[in-house]
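Open the model in your viewer and keep the selection panel at hand. We will go from stop to stop.

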Amino acid sequence: MAAMSDPHLGWAAPSAYHRICMRHFASNFMTRFKDNILKHLVYRAALASTERKFNKHMNTIGRINPEALQWLEAVPLQLWALSHDGGRRYGLMTTNISEVFNSVLKGARSLPVTALVQLTFFRLNGYFVTRRELGANRLASDEQFTPYVDAQIQSRVVKAGPMEIVLYDHVQGLFHVKSRRGRTHRLNLHEKKCTCGKTLIYGFPCSHMIAAYQHRCVDFRLFVESYYTTQSYYDTWANLFHPIFNEDEWPLYDGPTIVPLDSMQRTGCGRPISTRLHNEMDAREGKTPITCGLCKQMGHNRRSCKNRNQRQQGLQKKLGEGVGKPKVVASNGLQKVKAGSSLNGSKTSTMIPPLLDKC
């Protein structure tokens with residue numbers, strides 16, 4: 001937090017902009033008002049691409065609970081609403097882009113310091129190597145954009161096909177485009193603006209802009225933000241992790257000796273108790289009930305199943321009844337008849353040829 005608060009380190013405008021994670025924002029809202037309908041409306045308001053849609057959802061929230069509307073309006077809209085963002089967050093509404101490293105470093109918690117550093121080092125190295133090779137392969141095959149943007153552009157090109165286009169000014173690039181649903185959007189190609197708001201939010205042309213660019217025989221790929229190019233993707237993961245030397249090859253350490261405080265040492269054994277504060281997000285929405293693997297009933301597992309003993313007795317009874325009956329096993333083109341225990345306790349087996357098909 002101290003680094004982000006220091007303006008000399010670059011964590012301030014115009015190099016960086018502060019935004020709120022929508023998942024945590026909605027969790028705080030839910031903790032305060034405890035209403036799933038209102039929480040759903042907050043999500044819809046935050047994800048709205050236009051101010052018209054945003055105001056519609058906010059008015060609905062105000063009719064249901066005026067206090068909730070006041071709580072939302074007290075937070076600056078550009079921090080959590082996509083329609084007021086100004087294209088700063090590229091449609092990213094959560095901190096998943098950084099939280100993903102929790103899965104990369106899964107299992108590293110509560111390890112000793114040396115093991116934790118080693119695990120972090122080798123897993124991050126593998127993470128970088130995989131993505132660096134993916135970027136190099138896409139550069140070698142002349143892929144201009146990342147797979148996600150390629151798929152988005154292709155779907156928007158298909159969507160732009162049946163649209164109706166009307167030109168108003170060829171010099172300034174003023175158009176209006178009518179979609180299949182009858183909705184009309186106004187465009188300004190010189191300012192790269194569309195009334196749907198998606199071009200500014202996501203950083204690549206919306207379907208209406210693509211339809212207008214194709215109408216003027218202009219390559220719309222020139223107007224995709226450079227952040228989405230394959231070269232930018234490769235440059236992100238281009239830094240290398242260098243191999244670690246053997247410990248006997250390390251240079252001699254000439255510095256202070258760090259000794260941990262006695263008060264920080266653990267007195268008990270076992271894993272320490274977690275001090276993490278749980279909130280509304282820790283309760284998984286739509287949690288699937290436990291299903292038993294034995295009786296297939298819900299509400300308990302295999303270990304606590306009441307029918308477990310009965311099932312084991314039934315299996316033992318079936319196994320007991322099967323003693324002495326021959327079993328046929330295919331082996332090397334022959335049918336192997338394996339008999340059970342005989343009267344004198346010996347075991348016998350006989351190999352017989354398979355039956356021939358009748359002509």
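**Stop one: around Ile61**

Select Ile61. Beyond its neighbours within four places in sequence, Ile61 is in contact with Leu38, Leu41, Val42, Pro66, Ala68, Leu69 and Leu72. Bear in mind that this is a predicted model.

Now widen the selection. Ile61 belongs to the largest nonpolar core, which has 23 residues. Met58, Leu72 and Trp80 join Ile61 among those with the most contacts inside this core. Helices H2 (22-33), H3 (36-47), H4 (51-64) and H5 (66-73) each give two or more residues to the core.

**Stop two: the rings**

Show the aromatic side chains. There are 16 aromatic pairs to find. Start with Phe29 and Trp71: edge-to-face, 5.6 Å centre to centre, 65 degrees between the planes. Phe29 sits in helix H2 and Trp71 in helix H5, 42 residues apart. Which of the two is buried? Phe29 is, because its relative accessible area is 1%, under the 20% limit. Trp71 is partly exposed at 22%.

Next, select Phe121 and Phe241. Their planes stand at 80 degrees with centres 5.6 Å apart, so this pair is edge-to-face. Phe121 is in helix H7 and Phe241 in the loop between helices H11 and H12, so the pair ties together parts 120 residues apart in sequence. Phe121 is partly exposed at 22%, and Phe241 is partly exposed at 27%.

**Last stop: Arg131**

Select Arg131. It lies over the face of Tyr127, 3.5 Å from the ring centre. Arg131 also lies over the face of Trp237, at 6.0 Å from the ring centre.

How values were computed
Residues are numbered from 1 along each chain as its sequence is written. This is a predicted model: local features need pLDDT of at least 70, side-chain atom pairs count only at pLDDT 80 or more; totals for chains, interfaces and linings use all residues. Side-chain values use heavy atoms; hydrogens and water are left out. A nonpolar core is a set of buried Ala, Val, Leu, Ile, Met, Phe, Trp, Tyr and Cys residues joined through side-chain atoms within 4.5 Å. Buried means under 20% relative accessible area, exposed over 50%, partly exposed in between (1.4 Å probe, protein chains only). Helices (H or I, at least four residues) and strands (E, at least two) are DSSP runs, numbered from the N terminus. Contact means heavy atoms within 4.5 Å. Rings of Phe, Tyr and Trp (its six-membered ring) pair if their centres lie within 6.5 Å; planes under 30 degrees apart count as stacked, over 60 as edge-to-face and the rest as tilted. A charge sits over a ring if NZ of Lys or CZ of Arg is within 6 Å of the ring centre and within 35 degrees of the ring normal.
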